Amino acid sequence: MKRSLAGRIWPNATAIVLAIGFVFPVYWMFNTAFKPTGDIISDVPVWFPLHGTFQHFATAVGAPDFWTLAGNSVLVTAVAVGLSLLIALCGAFALTRMRFKGRKATLLVFMVAQMAPWEVMVISIYMIVRDADMLNSLVPLTAFYMLMVLPFTLLTLRGYVAAVPKELEESAMVDGCSRRQAFTKVVFPLLAPGLMATSLFGFITAWNEFPLVLVLNKEPAKGTLPLWLSQFQSQFGDDWGATMAAASIFAVPILVLFLFLQRKAVGGLTSGAVKG
């Protein structure tokens, strides 16, 4: 009994310590964003501010080009993730359900693309976009973001498509559905957890990307929020409250999307697929 109790305590205690270590920086960021300036520069740490303020957030959103860059980030991220999901879903279905020459080679290409670090290709990408006279444009940025998240999206969705029993499609086709109808009415609804998980990864990747936008889009109004956040402190000096407010604003969409998708993704992949 003692061994069993100790075997449960140590893993739980370790998990709690690790959770605190990961969550505390996020908490301190939001905590600092709501603190008055006097509490921020105080020698005694203020763990729970009694008199919060939204002044730092007003300073952050009032910075030059904030709303323009926020719109750019939303547009670029949404289009890139949407296109990658559409292409990856079609590709995953073809690679899983169909047999054709070069299928394994195609998978190998996507795996290699997933392993290759994008940072080493920034110079090549810059030269391509420069020669095409498309610097400071959102179009190439969106295209490269889509290509950046496509390999992982396709490989992940391939696993989800493979987990759906093929017999479900065959039963639907026996009942009169075409292959397209069997996919849209039977398979697609069962892929919701996979689509949500991959869209979350794609959103985080595109939303946080910094080196590429730094090189391709140098005009102030043509960048995204990571570029704005990197230049924020140089504009406001040692205004740590405004800096933490800016970082909090940047992090909120990811936290909200994660909480929403986590709640929606609960359940088995094929739960309720076959009637008893």
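1. A salt bridge is a side-chain nitrogen of Lys or Arg within 4 Å of a carboxyl oxygen of Asp or Glu. By that rule the structure holds 1 salt bridge. The side chains of Asp 131 and Arg 130 form it, at 3.3 Å from N to O. Side chains of opposite charge can pair when their charged atoms come close.

2. A word on the source. This is a predicted model, where local features need pLDDT of at least 70, side-chain atom pairs count only at pLDDT 80 or more, and totals for chains, interfaces and linings use all residues. Residues are numbered from 1 along each chain as its sequence is written, and side-chain values use heavy atoms, with hydrogens and water left out.

3. Back to the two bridge partners. Asp 131 is exposed, because its relative accessible area is 58%. Arg 130 has 40%, so Arg 130 is partly exposed.

4. Now the overall build. Helices (H or I, at least four residues) and strands (E, at least two) are DSSP runs, numbered from the N terminus. The protein has 13 helices and 0 strands. Of its 276 residues, 34% are buried. Contact means heavy atoms within 4.5 Å. Among contacts with a separation of 6 or more, 73% join residues 24 or more positions apart.

5. Next, the surface. Accessible areas come from the Shrake-Rupley method with a 1.4 Å probe; for residues, only the protein chains shown count as cover. The protein exposes about 16300 Å², and carbon and sulfur atoms supply 69% of that area.

6. Which residues form a nonpolar patch on the surface? They are Ile 16, Ile 20, Phe 24, Trp 47 and Phe 48, with about 570 Å² of accessible area together. Patches are made of residues with over 30% relative accessible area and no salt bridge; like charges are joined within 9 Å, and nonpolar side chains (Val, Leu, Ile, Met, Phe, Trp, Tyr) within 5 Å. Phe 24 lies in helix H1, residues 2-34. Its relative accessible area is 37%, so Phe 24 is partly exposed.

7. Thr 32 also has its place in helix H1. Is Thr 32 buried or exposed? Thr 32 is buried, because its relative accessible area is 8%. Leaving aside neighbours within four places in sequence, Thr 32 is in contact with Ile 40, His 56, Trp 240, Gly 241 and Met 244.

8. Look inside next. A nonpolar core is a set of buried Ala, Val, Leu, Ile, Met, Phe, Trp, Tyr and Cys residues joined through side-chain atoms within 4.5 Å. The largest one has 36 residues, and Leu 141, Tyr 145, Leu 157, Leu 191 and Leu 212 have the most contacts inside it. Helices that each supply at least two residues of this core include H4 (66-97), H7 (138-163) and H10 (192-208). The largest share, 10 residues, comes from H7. Apart from this core lies another, of 18 residues, among them Trp 207, Trp 228, Ala 245 and Ile 254. In soluble globular proteins, nonpolar side chains tend to be buried together.

9. Not counting residues up to four places away in sequence, Leu 141 touches Leu 212, Val 213, Leu 216, Asn 217 and Thr 224. Leu 89 is found in helix H4. At 9% relative accessibility, Leu 89 counts as buried. Leu 89 and Leu 195 are 106 residues apart along the chain, yet their C-alpha atoms are separated by 8.6 Å. With residues up to four places away left out, Leu 89 touches Leu 157, Phe 183, Phe 188, Leu 191 and Leu 195.

10. Last, the aromatic rings. Rings of Phe, Tyr and Trp (its six-membered ring) pair if their centres lie within 6.5 Å; planes under 30 degrees apart count as stacked, over 60 as edge-to-face and the rest as tilted. The count comes to 13 aromatic pairs. Phe 54 and Phe 57 have ring centres 6.3 Å apart and planes at 50°, so this pair is tilted. Phe 54 is exposed at 61%, whereas Phe 57 is buried at 16%. Phe 203 and Trp 207 have centres 5.3 Å apart and planes at 15°, so this pair is stacked. Both lie in helix H10, 4 residues apart, about one turn of the helix. Ring pairs also link Phe 24, Tyr 27, Trp 28 and Trp 47 into a cluster.

Terms used
Buried means under 20% relative accessible area, exposed over 50%, partly exposed in between (1.4 Å probe, protein chains only).
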